[in-house]
Amino acid sequence: MNILVLGGSSFLGRACVWEALHRGHRVTTFNRGVSGPDQPGVEAVRGDRNSAADLERLIDGRLWDAVVDTSGQQPAAVALSARLLRPHTDHYSFVSSIHAFSDWPALPVSEGSPTHPCPADTPPDQPPANELKAGCERALLEHFGAERSVILNCGLLIGPYENIGRQPWWLERIAQGGQVIAPGDPGRAMQLIDARDFAAFGLDLVERGATGRYVTTAPAGSTTMGEWLAACVEATGSAAELVWVDEEQLLAAEVQPWTELPLWSPDKPEWQAIWLADTTRAQAAGLTCRPVAESVRDTWAWIQERGPREKPYAQGSVPLGIEPEKERKLLDRAAG
């Protein structure tokens, strides 16, 4: 197949390109060239997806069997690309997010769950928000329709080349050794999907010309917080000691869920279904997920190959990770 990947140079986009190339497909990437190098073997076209002129240069004289959009964050940008690409491709695969569902993370979600009421014609350059992915979905459907598109509501991605740094932060902290805060209940179930497994499933659907929506993450209960952090200890080979601290103590100390201790979500009503997305449809369509320990080992190997990070890990403008002094005070308190 002849496939266009919008994005394609970082994390999930990179995994999609690698998967497509290794299946023997011809791949064009379209990106600004600022998130990382394109992989050998692609036709790399530089441009900004917010620019009609850049997109028109991309499509000039080119046709594709399918588009894989890994970079759509703003409804206006998705509407522009979908409108211009419609005569040049038969199929549009859009990587959305579980964030698009309005009930998540308080309630379990599936393909039929309501999405945020964000309109397709939302003005450009909106501040980052969960609602925007729902608007991106509507923009795609306005131009391609359900009969020529597939929407993948992505769960929490892990694996090599992660560009946010949630799992890498834990691996680097644990590699330092000593006592390490482990948040809440070690039996807290999680859903973590390796970007490579997401990419493989997405390419399966593209090759079949599948349509519709798929909640794409690991099955509920596929791992736990305790299993995941233990895998981090084993992968790094450190002598770190996980010290489990009750979540009420963490909240009392104003530890911020998800960012100060990445991927920790307290068992509170507003978070209670964060790891309970229904993946039945995706599994029936062939989604398989590797063991979380394999993802952890491969991520640690990549970190060692990459070397020290160039900039702090962050979720948007919010730094990831707890300050050492704050962690030490909590550990001392836990010791009594």
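Which elements each supply at least two residues of the lining of the largest cavity? I opened the predicted model with that in mind. I found β5 (92-97) and α6 (195-208).

**Entry: the cavity search**

I searched the whole structure for cavities of 30 Å³ or more and got 1.

C16, V68 and L152 are among them. S93 and V95 also line the cavity, and I place both in β5, which spans 92-97.

Next I sorted the cavity lining by class. I counted 8 nonpolar and 2 polar residues. I found no charged residue there.

**Entry: the second largest pocket**

I noted a volume of about 330 Å³. I counted 16 lining residues. W169, G321, I322, E323 and P324 lie nearest the centre of this pocket.

Which elements each supply at least two residues of this pocket's lining? I noted α5 (166-175) and α11 (324-335). The largest share comes from α11, with 4 residues.

How does the lining of this second largest pocket divide by class? I got 8 nonpolar, 2 polar and 6 charged residues.

**Entry: side by side**

I set the two class counts together. The lining of the largest cavity has no charged residues, whereas that of the second largest pocket has 6. I logged 8 nonpolar residues for the cavity and 8 for the pocket.

Definitions and conventions
Residues numbered from 1 in each chain as written. Predicted model: local features only at pLDDT ≥ 70, side-chain atom pairs only at ≥ 80, totals over all residues. Heavy atoms only, no water. 1 Å grid on protein atoms, 1.4 Å probe; cavity = no way out; pocket = protein on both sides within 12 Å on 5 of 7 lines; lining within 4 Å. Points joined across faces, edges and corners; volume = space filled by probe spheres on them. Nonpolar A, V, L, I, M, F, W, Y, C, P; charged D, E, K, R; others polar.
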